[in-house]
Amino acid sequence: MPVPEFSTARSLLSARAVRARAETLLKAGLEGRLDHFVVDLDRLGGCADAVVETIREAYPDLAIPYHARWRHFSVGRFERWGSLVHAAPFEDPAEQARAAFDLVVVSVLLDAGAGPTWRYEEGRTGETYARSEGLAVASFDMFVSGLFSSAPEDPFRADARALASLTEAELADGFQVSPTNPLVGLSGRTALLNRLGQVAAADPEGFGPDARPGFLFDRIKARARDGEVAAETALEVLLTHLGPIWPGRIVVDGVDLGDTWRHPLAGGTGPTEGLVPFHKLSQWLAYSLLEPLEEAGLTVTGLDALTGLPEYRNGGLFLDTGVLALRRPEEAKQPHAVDSRLVVEWRALTVALLDRLAPLVRERLGVEDPAELPLAKVLEGGTWATGRRLAKSLRPEGAPPLAIASDGTVF
């Protein structure tokens, strides 16, 4: 008797498992069996029109970059990373890639919802940023200051000793947190970076002799063939070596499953029955590593093996265009825990619907070859930006249509 697909714990550490379980919940939604959402695929065309409008406005030549943390590092049309590399060149492409990995791993792990009132004032430009852009600029400034390095002579890196000893007060200072400028999930963010340091110190195979997140570049490069490496390989390396950092999550057969949650309609057999993986921050990180890998001379293949990101801008897009609707509208008025069935359904539906939306967007833009507009660019061009645009037009401060009680490590 064949072993059912995704029946082992480690099988859930893949984008294919994310996509499969999301499709299972979408099927349940189309059959009217979900507790919280109704799905109307007839509205997907209008949703695609809204995304195409955003793309044509921002990228009339369709020269769309990848959806990645690097976009936030250049907010305000200031290329912060490029300026750093120009001012303090690295000794070789591999060391530059390790530094880029150090920066983006830490920054992405800090990139959960900031809350509606938090702001960051950037000293070098005098500009003030909020949400993901503010978190990115703040984390970049902390990186440049050497906060994540235990070697004063080598500040532009992150290592286990500095990360493991990082205090909540230091992170609060870096984020300019105050009673009038609160940041959601500060303690959760601090604990996550502390665990990253502890895990890096205990895993020399993954993080190298200096216990740096940047050594994951070497792990991914080692699996390249003829200068090519699959996007799924990058994600697999991340999930394997970063899995133990996640707080209090599901562990099956000794495997930390990270951003994985329970839903009775998820399907599966054996120990994975009813489990829904998302790996949102890990996939966001994988997307954000594409450019450092390419700049180091590697070609990344199979980009569409990764899934869309199940977060509140993409999920909000489907609610605000009517593709999704709450069975009980009053549920929009209360915050929901990240492990609630409502949030699990919302995130799974978002992943599955993004797969259906991307071809419609390409068709409207006249793009015949999906490789010319992979999901990584549809997201950037794209669904995330349209979700934010619609939120700003519909609600104060551009708040998402649903409130999530985040611990600072998921959204």
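## Side-chain contacts in a predicted model

Arg347 and Asp259 are both buried, and their side chains meet in a salt bridge with N and O 2.8 Å apart. In this predicted model, Arg347 belongs to helix α15 (residues 341-365), while Asp259 sits in the loop between β6 (255-256) and β7 (260-262), so the pair ties together parts that are 88 residues apart in sequence.

The count comes to 26 salt bridges, among them the three in the table.

| Salt bridge | N to O distance |
|---|---|
| Arg347 and Asp259 | 2.8 Å |
| Arg223 and Glu236 | 3.4 Å |
| Glu331 and Arg328 | 3.4 Å |

Arg223 and Glu236 form a salt bridge in which Arg223 comes from the loop between α11 and β4 (228-230) and Glu236 from helix α12 (residues 231-242), so that parts 13 residues apart in sequence are tied together. Arg223 is partly exposed at 37% relative accessibility, and Glu236 is partly exposed at 36%. In the bridge between Glu331 and Arg328, Glu331 is buried, with a relative accessible area of 10%, whereas Arg328 is partly exposed at 32%. Salt bridges with shared partners also join Glu95, Arg98, Asp102, Arg212 and Asp218 into one network.

Turning to the aromatic side chains, the whole structure holds seven aromatic pairs. One of them, Trp70 with Trp81, is tilted, with 5.6 Å between the centres and 55 degrees between the planes. Trp70 lies in helix α3 (residues 69-73) and Trp81 in helix α4 (residues 80-87), so this pair ties together parts 11 residues apart in sequence. Trp70 is buried at 9% relative accessibility, and Trp81 is buried at 10%.

Notes. Residues numbered from 1 in each chain as written. Predicted model: local features only at pLDDT ≥ 70, side-chain atom pairs only at ≥ 80, totals over all residues. Heavy atoms only, no water. Phe/Tyr/Trp six-rings, centres within 6.5 Å; stacked < 30°, edge-to-face > 60°. Helix = DSSP H or I, 4+ residues; strand = E, 2+ residues; numbered from the N terminus. Buried < 20%, exposed > 50% of the residue type's maximum accessible area, 1.4 Å probe, protein only. Salt bridge = Lys/Arg side-chain N within 4 Å of Asp/Glu carboxyl O.
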